[in-house]
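The following note sets out numbered points for a colleague reviewing this model. Each point may be checked against the coordinates shown here.

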Amino acid sequence: MKNIVIGNDHAGTDYKNAIVAHLEAKGYSVKNYGTDTNDSVDYPDFVHPVASDVESGKVKFGIIICGSGNGAAMTANKYQKVRAALCWTKEIVALAREHNDANILSIPARFTSIPQAIAMVDTFLETAFEGGRHQRRVTKIACS
């Protein structure tokens, strides 16, 4: 079974629901840490569990969604083993995976459509890290 975690604030509830349905149809088991309502909430409360699961190795990948994607990415990137990439096109997603070995995709709900977000998720999960010269750079990201 392929496992993935997802977290969202109020801006990303509809996106999360569509992504979860899409992933489950593809055979993924999705752990939902996000809010299930459109009532205002604080995004860090829903991003920390995603980042923690990725950092600890419980899962390989996570998806986080907030209005701009920035706050969610900033929160997730506080974890040493997390490389959360804020993306708004499939092309940026592919580069984040190929060159940066991104392990969390941050989606800006207010700047993408749900079909775009689903396409980005597919690209995120289907694109491999290239390694090579990129590995040397990725190794230098974490602070000691």
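1. In this predicted model, Leu23 touches Ile4, Tyr28, Val30, Ile63, Val121 and Leu125, leaving aside residues up to four places away in sequence. Leu23 also belongs to the largest nonpolar core, which holds 25 residues. Within that core, Leu23, Ile19, Ile63 and Ile107 touch the most other members.

2. The elements that give two or more residues to this core are strand 1 (2–8), strand 2 (28–32), strand 3 (62–66) and strand 5 (104–108), together with helix 1 (13–25), helix 4 and helix 5 (114–126). Helix 5 gives the most, with six residues. Another core lies apart from this one and has 14 residues, among them Val59, Ile64, Ala72 and Ala76. As general background, nonpolar side chains tend to be buried together in soluble globular proteins.

3. Five of its five residues are buried, so strand 3 is largely enclosed by the rest of the structure. Both of its faces are covered: Ile63 and Ile65 are buried on one side, and Gly62, Ile64 and Cys66 are buried on the other.

4. The pairing of strand 3 involves strand 1 and strand 5. With strand 1, the pairing is parallel and runs over four bridges; here Val5 stands opposite Gly62 of strand 3. With strand 5, strand 3 pairs in the parallel sense over five bridges, and the bridge partner of Ile63 in strand 5 is Leu105.

5. Why does the structure hold zero disulfides? A disulfide is a covalent bond between the sulfur atoms of two cysteines. For Cys66, the closest cysteine sulfur is that of Cys87, 13 Å away, which is too far for a bond. The cut-off applied is 2.5 Å between the sulfur atoms. Cys66 counts as buried because its relative accessibility is 3%, and Cys87 is buried with a relative accessible area of 1%.

6. Is Arg97 buried or exposed? Its relative accessibility is 3%, so Arg97 counts as buried, the threshold for that class being under 20%. Arg97 lies in helix 4 (residues 90–100). With residues up to four places away in sequence not counted, Arg97 touches Phe61, Ala102, Phe124, Thr127, Ala128 and Phe129.

Key: Residues are numbered from 1 along each chain as its sequence is written. This is a predicted model: local features need pLDDT of at least 70, side-chain atom pairs count only at pLDDT 80 or more; totals for chains, interfaces and linings use all residues. Side-chain values use heavy atoms; hydrogens and water are left out. Buried means under 20% relative accessible area, exposed over 50%, partly exposed in between (1.4 Å probe, protein chains only). Contact means heavy atoms within 4.5 Å. A nonpolar core is a set of buried Ala, Val, Leu, Ile, Met, Phe, Trp, Tyr and Cys residues joined through side-chain atoms within 4.5 Å. Two strands pair if DSSP finds at least two bridges between them.
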